[in-house]
Amino acid sequence: MVDSKGLIVRSRMESLQHFKRPWAHDHEPVKELVNAVKLIKPTVLIGSSGTGKTFTKEVVQAMATFNKKPVIFALSNPTSQSECTAEEAYTWSEGRAIFASGSPFAPVEYKGKVFVSGQGNNAYIFPGLGLGLIISGAIRVHDDMLLAASEALAAEVSQENLEKGLIYPPFANIRKISAHIAAKVAAKAYELGLATRLPQPENLVTYAESCMYSPSYRSYR
């Protein structure tokens, strides 16, 4: 991880936030990202600094030299602040990058193949997570519920999606996705003894769908 302090050496480890420590390397600080990539050889790049164009051609090409499928997550918003574009990631990695972004990008054609990039948006998780807590009457949020939500989202990604380059399911299916996430979160709440809405519904997916708001309005004409 390259953070605001660069790559942290052991002598400065105590000043690093606890959640960053597992990813820190025993190395002198490196100011340039491309040099850090070449030295550390990461498998994943996650951009969330809000600084656009950070993932340069040199950075992506370096990632592609030691990763068969370099993972490039350019998550900063808006599009102008994205670390790189979908087209840049696919072109500079010769079509091998697994790419996702914070802002949506149009499909990219590279050497006859069309790549559809995913959008790393919290709208995939939060609605289903919240619904799962409500329908179970959970008294608190446990880490395992977040894990259950993440696993439920991953399960919605088909092989066809993966072949197109998508690591998230199509957002057009968000209501179905949210229902399945809610069901898994609620199930975990019941399993952990944190649910208060008893008895547990027999089919949590169906129950979650029945609790969803449907913006359907009558026509008075």
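Mentor: A polar contact is a pair of N or O atoms within 3.5 Å; within protein, one must be able to donate a hydrogen and the other to accept it, and residues adjacent in sequence count only if both atoms are side-chain atoms. Between domain 1 and domain 2, two residue pairs are in polar contact, both at pLDDT 80 or more. This is a predicted model, where local features need pLDDT of at least 70, side-chain atom pairs count only at pLDDT 80 or more, and totals for chains, interfaces and linings use all residues. Residues are numbered from 1 along each chain as its sequence is written, and side-chain values use heavy atoms, with hydrogens and water left out.

Trainee: Where do domain 1 and domain 2 lie in the protein chain?

Mentor: Domain 1 covers 32–119 and domain 2 covers 122–211, with bounds from an automatic or database domain assignment. Their centres, taken over C-alpha atoms, are 29 Å apart.

Trainee: How many residues of domain 1 are in contact with domain 2?

Mentor: 12 residues of domain 1 are in contact (heavy atoms within 4.5 Å) with seven residues of domain 2. The area buried between the two domains is about 620 Å², meaning the accessible area (1.4 Å probe) that two parts lose on being put together, summed over both. Carbon and sulfur atoms give 62% of that area. On the domain 1 side, β3 (98–101), β5 (113–115) and β6 (118–119) each supply at least two residues.

Trainee: What makes Glu88 and Lys53 a salt bridge?

Mentor: The rule asks for a side-chain nitrogen of Lys or Arg within 4 Å of a carboxyl oxygen of Asp or Glu. The closest N and O atoms of Glu88 and Lys53 are 3.6 Å apart, so the pair qualifies. Glu88 lies in helix α3 (residues 86–92) and Lys53 in the loop between β1 and α2 (57–66), so the pair ties together parts that are 35 residues apart in sequence. Lys176 and Glu156 also form a salt bridge, at 2.6 Å. By this rule the count comes to four salt bridges, with zero between domain 1 and domain 2.

Trainee: Why are β1 and strand β2 said to pair?

Mentor: Pairing requires that DSSP finds at least two bridges between two strands. β1 and β2 (residues 71–74) have four bridges in the parallel sense, so they pair. Gly47 stands opposite Ala74 in β2.

Trainee: What is the order of strands in the open sheet?

Mentor: The order is β1-β2-β3-β6, with parallel pairing. β1 (44–47) and β6 are the edge strands, because each pairs on one side only. Strands here are DSSP runs (E, at least two residues), and helices are runs of H or I of at least four, numbered from the N terminus.
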